[in-house]
Amino acid sequence: MKNFNPLSFLASVGAGGIAVAPFVYFQYILPHGKGLITFDQVMNLANTPGSKMAFGILMAIMVVFSILHLVLTASLISKLIGFSKTNDYKIYISDPQRNTSILAMYTSLGMTFNVFIGVIRFFVPALQSNFQSLMLPALIMWAILWLFLMRSEIKILKSAFEKDFDLSKLSFGWLLHPFALGMVTVAGTGIAAMAKDATIANTAAFMTFTSGSMGLFLLLVKLVSIFKSHFSMNGMPERQFLPSFLIVIPITTLYAISFFRLGHYFEHQFGAHIDIYYKLVVAIPFAFQTWYFAFGISMLKNYFKKDFFRKEYYVTLWAFICPFVGYAVLGSFVHKLFVPSIGLQAVIMTSILTAIIFYAFVGIRYFKYTYPIANPVTAK
C-alpha cells in the first residue's frame with residue numbers, strides 16, 4: 001500500500017469516459033425525440049445490417065467500459081483507504097507538489113455520476129420511467145461528493161500557500177484541481193438541467209456555480225504558472241510528466257458541457273431563449289481544443305518516437321486516454337449544433353477508437369509490470 005499512487009484513478013476515469021462517449025454520440029448525432037436517448041430508440045434506428053453492427057459495437061463498448069469503470073473505482077478506493085493508514089500517506093498529503101493527485105479520486109467518482117445518468121439509464125427501462133423521482137437522491141449523493149471535494153480542494157490549496165515548493169518543477173498534472181472540479185461540476189449541471197423540481201434544480205445550479213467558478217479560476221492561474229515554469233526551463237520535462245500535457249483538452253470539454261447544461265437550466269427554470277449561446281459554448285472550446293491538440297501532438301512527437309514504446313510503466317500514461325475521449329465527446333455536441341458533417345463523425349469515431357487503443361496499450365503495460373512473468377518492466 002505504501003507504493004500506491006492516487007493517479008491510478010486516471011485508469012477508471014478513462015474507462016468511464018470511453019463508456020460515456022458512445023452514449024454522447026447516440027444522443028447528439030442520432031435523430032430522436034426530446035430527452036435522453038434510450039436503448040429502444042437506438043434499436044429502432046438500426047434499420048440496416050451495417051447500422052445494427054455499428055450500434056452493437058458502440059453499445060458493447062458502453063457496457064464493457066462501464067463495468068470496468070465501476071470495478072476499478074471500487075478497487076482503487078479500497079487501495080486508497082489502505083494507503084491512507086500508512087506513514088507514507090502523511091508525507092504525501094503534506095507535499096504540495098504531490099498531494100494534488102488525491103483529487104483524481106474525485107474525478108473518478110464524478111465520472112461515475114455520468115456513467116449512471118448516461119450509460120446505465122440508457123439500458124435500464126426502470127430508470128428511464130422513474131428518472132425524475134431519482135433527482136432528489138442523486139442530488140443528495142452528489143452534494144456529499146461536492147462537499148468532500150471542496151473540503152479537499154481548500155485543504156490542498158491551503159498547504160500550497162503555507163509551504164514552500166519549487167515552482168520550476170510544476171507539470172500539467174497540477175491541473176488535477178480544475179479537472180476534479182470540472183468533473184464534479186458537470187455532473188451537478190446535469191441534475192440542474194434535467195430536474196423539473198425548481199428547488200432541486202436551483203440548489204444543484206448554485207453549487208455548480210461555486211465549484212465551477214473555483215475550477216475556472218484555478219485553471220487560469222495554474223495554466224499561466226505552468227507555462228511560465230515550462231518557458232523558464234531548458235528543454236522538455238521528464239518523460240513521465242509528458243502525457244499530462246494534453247490534460248487541458250478534457251478539462252475544457254467538462255467546462256464547455258457545464259455551460260451548455262446550465263443553458264438548459266436557465267431555459268427550463270426561467271424560460272430563457274439562448275440558441276446562439278449553445279453554439280458558442282461548444283464551438284469555441286472545440287476550436288481551442290483543435291489547435292491545442294495539434295500543438296500538443298507536435299510537442300510530443302519525439303516522445304512517441306523515442307520514449308512511448310519503452311518497456312516501462314508509469315502511472316501518468318493513463319492521462320493519454322482522456323484527451324481523445326474529451327475531443328470525441330465535445331465533437332458530438334459540435335456536430336449537433338454547429339457542423340453536422342460526415343467528416344466530423346469520422347473524427348469522433350477515430351478519437352474513440354484511439355482512446356480504446358491507448359487504454360489497451362497502457363493496460364497491457366500495467367499488467368506486465370504488476371504481474372511480471374518474463375522481461376519485467378520498470379515503473380515510475
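**Entry 1: Ala21**

Contact here means heavy atoms within 4.5 Å. With that settled, I opened the predicted model and went to Ala21, which sits in helix α1. Which residues does Ala21 touch, not counting those up to four places away in sequence? I found Val329 and Ile352. I then looked up the burial of Ala21: its relative accessible area is 3%, so I wrote it down as buried. Ala21 and Thr203 are 182 residues apart along the chain, and 28 Å separates their C-alpha atoms.

Next I looked at α1 as a whole. The helix covers residues 9-29, which makes 21 residues. From first C-alpha to last I get 30 Å, close to the 30 Å expected at 1.5 Å a residue. Is α1 mostly buried or exposed? I noted that 21 of its 21 residues are buried, so the helix is largely enclosed by the rest of the structure.

I stepped back to Ser8, in the segment ahead of α1. Ser8 has a relative accessible area of 17%; the cut-off for buried is under 20%, so Ser8 counts as buried. Setting aside neighbours within four places in sequence, I see Ser8 in contact with Leu76 and Val315. Ser8 and Pro22 are 14 residues apart in sequence, and I read 24 Å between their C-alpha atoms.

**Entry 2: α1 against α14**

Ile352, one of the residues that Ala21 touches, sent me to helix α14, residues 342-370. Two packed helices are described by the angle between their axes and the distance between the axes, so I looked up both. The axes of α1 and α14 come within 11 Å and cross at roughly 160°. Angles over 145 degrees count as roughly antiparallel, so that is how α1 runs relative to α14. I noted the crossing as left-handed. On the α1 side, I listed Ala11, Ser12, Gly14, Ala15, Ile18, Ala21, Pro22, Tyr25 and Ile29. On the α14 side, the contact uses Gln345, Ile348, Met349, Ile352, Ala355, Ile356 and Tyr359. How do these residues divide by class? I have 13 nonpolar, three polar and no charged residues.

**Entry 3: α1 against α3**

I kept α1 in view and turned to helix α3, residues 49-83. These two pack at about 155°, with their axes 7 Å apart. I therefore logged α1 and α3 as roughly antiparallel to each other. α1 passes α3 in a left-handed crossing. By class, the residues of this contact come out as 21 nonpolar, five polar and no charged.

**Entry 4: Val63**

While on α3, I picked out Val63, which has its place in that helix. Is Val63 buried or partly exposed? With a relative accessible area of 37%, Val63 is partly exposed. I also looked up its distance to Phe123, 60 residues away along the chain: the C-alpha atoms are 9.2 Å apart.

**Entry 5: α5 and α8**

From α5 I listed Tyr106, Thr107, Gly110, Met111, Phe113, Asn114 and Ile117. α8 brings Phe179, Ala180, Met183, Val184, Val186, Ala187 and Met194 to the contact. The class count for this pair is eleven nonpolar, three polar and no charged.

**Entry 6: Ala193**

My last stop was Ala193, also in α8. Its relative accessible area is 8%, so I have Ala193 as buried. What does Ala193 contact beyond its neighbours within four places in sequence? I found Arg261, His264, Tyr265 and His268.

Note on methods: Residues numbered from 1 in each chain as written. Predicted model: local features only at pLDDT ≥ 70, side-chain atom pairs only at ≥ 80, totals over all residues. Heavy atoms only, no water. Helix = DSSP H or I, 4+ residues; strand = E, 2+ residues; numbered from the N terminus. Expected span 1.5 Å × (residues − 1). Buried < 20%, exposed > 50% of the residue type's maximum accessible area, 1.4 Å probe, protein only. Nonpolar A, V, L, I, M, F, W, Y, C, P; charged D, E, K, R; others polar. Axes fitted to C-alpha atoms, helices over the stretch in contact; angles between N-to-C directions. Parallel < 35°, antiparallel > 145°, perpendicular 65-115°, else oblique. Left-handed = near helix turned anticlockwise from the far one by under 90°.
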